[in-house]
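Student: I would like to learn how to read strand pairing in a model. Could we work through an example?

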Amino acid sequence: MSDLFVIGVDYGTDSVRSVIVDTATGAEISSSVYYYPRWRDGLYCDAASSRFRQHPLDYIEGLENTVNECLRIAGTAVALRVKAISVDTTGSTPVAVDRTGTPLALRPEFANNPNAMFILWKDHTSVREAAELNEHALKFDINYLDFVGGIYSSEWFWAKLLHILRIDQDVRGACYSWVEQCDWIPFLLTGGTDVNQLKRGVCSAGHKALWAKEFGGLPPDSFFSSLDPLLSGFRSRLFTETFTADKAAGNLSPEWAEKLGLSTDVIIGIGAFDAHMGAVGGQIEPYHLSKVMGTSTCDMLVAPIDEVEHILVGGICGQVPGSVIPGMMGMEAGQSAFGDTYAWFRKMTTQSIGKILRTSSHIDAGLAAILEDELNERFIREVSQQAAALPLDENDELAIDWLNGRRTPDANQLLKATITGLHLGTDAPRILRSLIEATCFGARAIVDRFNEQGVPVKGLIGLGGVARKSPYIMQVMSDVMQMPIRIHRSEQTCAAGAAMFAATAAGIFGKVEDAMDKMGQGFDAEYYPDPKNANHYERRYQRYLELGNYIATYQTINTAETSLVNN
């Protein structure tokens, strides 16, 4: 054990997890997880309208609880030697703030207003604004969407800001600026009181907010104000300078030092998105696609800047120098629903059964709760085993995986999923297999896009809960890709990556690559493609592409016709 420790904090969709890591070995000394209670109870959300909001108190309480629990488990000797904290979050997950940088939902008059809360990455209420921005960008000589794949998404910074300003006059009047969660948490920990002094990470700025050095920062105010006068002046209240995540945002504030029992000498690193820090925690290599597989997927690729700086990959989520590893080009892609696809299927199948158990007059309430928990815990695992045992047939049920729209290639959050080829013999294992294949085909489409546009994908790295817990899904992924996929040993690669950045920000390592080498845990599994399945999955993949093109065309026409009728 070394004398130096750091804390990595990983804000996910459902929970926040903190870990204390030994900088000499990368060993996890302690960990703690906190599930957001307001989010768990479904407050402020409406899935039917794709509205997903999270209250800042969930984040604040989770931060305090998990870090204190980690320190309690680790003991006083370790706590005295904690040198830095770094944070990753979901994104784009922005919030309206006042001049002090306080999220409006923390003010009494906005405490229960969803529009004053963090707009979670998966919130798609701003599809109209994203469509308008994409059309608007065509009017300019400079293509301000060049570095975000040429298409702006409703999941991102500006579309969400414009939507909130349009629909809520009270929030519009109180909103001074707009801040990503990954930038706000370090600001909170350092005791920031002036949003104009908040340090923004290049990760969030470049991938979601259209910041690029080629534009001299953000696009000009005229670009936004001519889209909608409500955006006039916002650019000047945002940022011009950005920072890589190996830099310090400041020191732990006296208030938070007292809350956590740490010293104000503790360094707070610049924040970044979970998949970007997770790729570092998973020991990403140049031209190897790092797939963080959770509720969605975020696919990260790094390459030497001089080898790819003249390539613009269309339809991805951006390419930003330094967004993953400082000094290298970071490229992001992903799928809007991955684990969420399987969770949807489980919920759709078991929710009614659970209700029957809970309301049955023949089953004790305590036993019903136990049975429902076991049903939910075992369902996907058991049905996956049954799906894996099915013989392969090219004409089996075929699905499209756009349950939460399509992120990449070519973002379109209006698209919906579909399953075709159903018959009276279709059962749960067959439907689950079609969904698993669809998510793997969606992943293959991303790899194909990189390869087709001059960025070769030379290997696959699997990270996250799905990668570690679902051998059948990973084998299908390898078979569909016709590439091996290595699974990283760490169960908490995002938090581990945050810890590596914390160690670098504190000066323990000179660069994050050194932290990766010293603190990385390596790989403990690898899946290889089965050659006898190659032709089968290639034919199925081509059918997936054909069905997807048909569905996308049909849904686009239908949406356009509906819009004409409504207008």
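Student: In which sense do strand 5 and strand 12 pair, and over how many bridges?

Tutor: This is a predicted model, where local features need pLDDT of at least 70, side-chain atom pairs count only at pLDDT 80 or more, and totals for chains, interfaces and linings use all residues. Residues are numbered from 1 along each chain as its sequence is written, and side-chain values use heavy atoms, with hydrogens and water left out. Strands are DSSP runs of E, at least two residues, numbered from the N terminus. Two of them pair if DSSP finds at least two bridges between them. Strand 5 and strand 12 (residues 267–269) pair in the parallel sense over two bridges, with Ile85 opposite Ile268.

Student: Which residue is the bridge partner of Thr89 in strand 13?

Tutor: Phe273 is the partner of Thr89. Strand 13 (residues 272–273) runs parallel to strand 5, joined by two bridges. Strand 1 (residues 5–11) is also parallel to strand 5, through six bridges, and Asp10 stands opposite Asp88.

Student: Is strand 5 mostly covered or uncovered?

Tutor: Buried means under 20% relative accessible area (1.4 Å probe, protein chains only). In strand 5 (residues 82–89), seven of the eight residues are buried, so the strand is mostly covered.

Student: What is the strand order in the open sheet of seven strands?

Tutor: The order is 16-17-15-14-20-21-22, with mixed pairing. Strand 16 (319–321) and strand 22 (523–527) are the edges, each pairing on one side only. Within this sheet, strand 14 (residues 288–293) and strand 15 (residues 297–304) run antiparallel, joined by four bridges, and Val292 has Cys298 as its bridge partner.

Notes:
Buried means under 20% relative accessible area, exposed over 50%, partly exposed in between (1.4 Å probe, protein chains only).
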